[in-house]
Amino acid sequence: MLQYFAQLEHYEGNEVLFDLIRMSMVSTIAGEPLHIHAEGLRGTGKTTIMRKAKDILPNITRIKDCLYNCDPAHPHCPHHRDLSVQEIAAIGTEEIPMPFIEISHSAKVGTVAGSIDLGKLTDNSNPEAGLLPGLIPQAHRGILFIDEINRLADTAPEITDILLDLMGTKPGVVQIEEAGLPVVSVKVNVSVWAASNPDEDPGALEEIRRQLSDRFDMVCYMGRPTSIDVITRMLKENFHTRPSECKPEDEIRYLEQHELYTQILLRWAERYTQTDLQDIVRNYIARLYVKHNMESIRAVEAMQQGAVLYSITKDRDHATINDVTHILPLILKHRLDPDSLVKVINDIDGKDSMLGSAKKVSSKPEQAEDTSYYQNTRAL
Ligand SMILES: [Zn+2]
């Protein structure tokens, strides 16, 4: 059984998800959410890849014991936002692992958003004093993971509405309501990661709740491995292995790899904050938007953010038009109908794009992939 991120098998069909989580991790570390959604059949390991990414996330520094993960330089929570630099210095800081919080389908609104402890309230006009932050405010500066988001959108409309608010702006907002008290808003900077199987009930997220689907900057469709070598290797790794049986020397090696991955992510995030997009590329994105009459402004914003992130995670220092066309299917797949998507791809010459990931079911996934590309990205 797999224990570590470094043990995950990379193959043609899942490398697109590794690309997505790399881009989102870098963006989140840099303080800008990038919401991603992995669709795929059961057994493709999409949720395992997303959950294991937790292993390589860096630490964050917060004001000591702050459940809202206040950045000491930019405190935002009701307890710390009005304090002086000296007062914050007196409280002190601490390092904690970057939050990776999963929302279960049975979670209640109060658990997810937060609630107000009426026992703590002395003044009803100031409900913030008694606020108990829920899971989302506690994921501030980290990642929020939701498995089977299509089912959640179908069965839990009130949680879906909270997600719509959270993902509506960057940073997002969570509203905490208690009968008879003013509504309290909390700022939350979090990347939402979701997974779903569109081929099972209740169907694809864009058909269940289009608005929520559009909130995801990028969506990939994960295929099963098709290479005999890869499957043989996966079988071997999973045979007779229990978590406790991981050899100590292997464990050390995996943890060293994780440390290296974390350092790479931090370096990329630093570069991301210092990188702008060239005018020619930005103009190209704007022309795509106008020419193809795209409805979603989020789509073009995702193209801009995604192109820079993609070029950085490929260790290049600036994004090109090729980066835009390469990631385009990830941005448009859930926003356009298949005919319009093919039209856009043909128009831009989709040879270099991730067209394979835009197809729901590809009978020949190997045709859409260039194997040398995957080998080159194995460093992280
Ligand atoms: Zn705080």
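Two residues are in contact if their C-beta atoms, placed from the backbone, lie within 7 Å. The exercises below use a predicted model.

**Exercise 1. Which residues of H14 and H15 meet, and how are the two helices oriented?**

Step 1. On the H14 (residues 321-332) side, the contact consists of Thr 325, Leu 328, Pro 329 and Leu 332; Leu 341, Val 344, Ile 345 and Ile 348 face them from H15.

Step 2. By class, the residues of this contact are seven nonpolar and one polar, with no charged residue.

Step 3. The axes of H14 and H15 (residues 338-348) come within 11 Å and cross at roughly 175°. Angles over 145 degrees count as roughly antiparallel, so H14 is roughly antiparallel to H15.

**Exercise 2. Give the strand order of the open five-stranded sheet and find its edges.**

Step 1. The order is S4-S7-S10-S1-S11, and the pairing is parallel.

Step 2. Strands S4 (100-102) and S11 (218-222) each have a single partner strand, so one side of each has no neighbour in the sheet and they stand at the edges.

Step 3. From one strand to the next, the twist averages 20°.

Step 4. Within the sheet, S1 (residues 36-40) and S10 (residues 191-196) run parallel and are joined by four bridges. Ala 38 has Ala 195 in S10 as its bridge partner.

**Exercise 3. Is Ile 176 buried or exposed, and which residues does Ile 176 contact?**

Step 1. Ile 176 belongs to strand S8 (residues 172-176).

Step 2. A residue is buried if 20 or more other C-beta atoms lie within 10 Å of its own. Ile 176 has 24 other C-beta atoms within 10 Å, so Ile 176 is buried.

Step 3. With neighbours within four places in sequence left aside, the contacts of Ile 176 are Ala 113, Gly 114, Ser 115, Ile 116, Leu 131, Val 184 and Val 186.

Step 4. Ser 196 lies 20 residues from Ile 176 along the chain, and their C-alpha atoms are separated by 27 Å.

**Exercise 4. Describe the side of domain 1 that touches domain 2.**

Step 1. The chain is divided into domain 1 (5-222) and domain 2 (228-376). Taken over C-alpha atoms, the domain centres are 22 Å apart.

Step 2. Contacts between the domains involve 34 residues of domain 1 and 37 residues of domain 2.

Step 3. On the domain 1 side, helix H1 (15-29), helix H9 (210-215) and S11 each supply at least two residues. H1 gives the most, with ten residues.

Step 4. The residues on this side of domain 1 divide into 19 nonpolar, five polar and ten charged.

Conventions:
Residues numbered from 1 in each chain as written. Predicted model: local features only at pLDDT ≥ 70, side-chain atom pairs only at ≥ 80, totals over all residues. Pairing = 2+ DSSP bridges. Axes fitted to C-alpha atoms, helices over the stretch in contact; angles between N-to-C directions. Domains from an automatic or database assignment. Nonpolar A, V, L, I, M, F, W, Y, C, P; charged D, E, K, R; others polar. Buried ≥ 20, exposed ≤ 12 C-beta atoms within 10 Å, placed from the backbone. Parallel < 35°, antiparallel > 145°, perpendicular 65-115°, else oblique.
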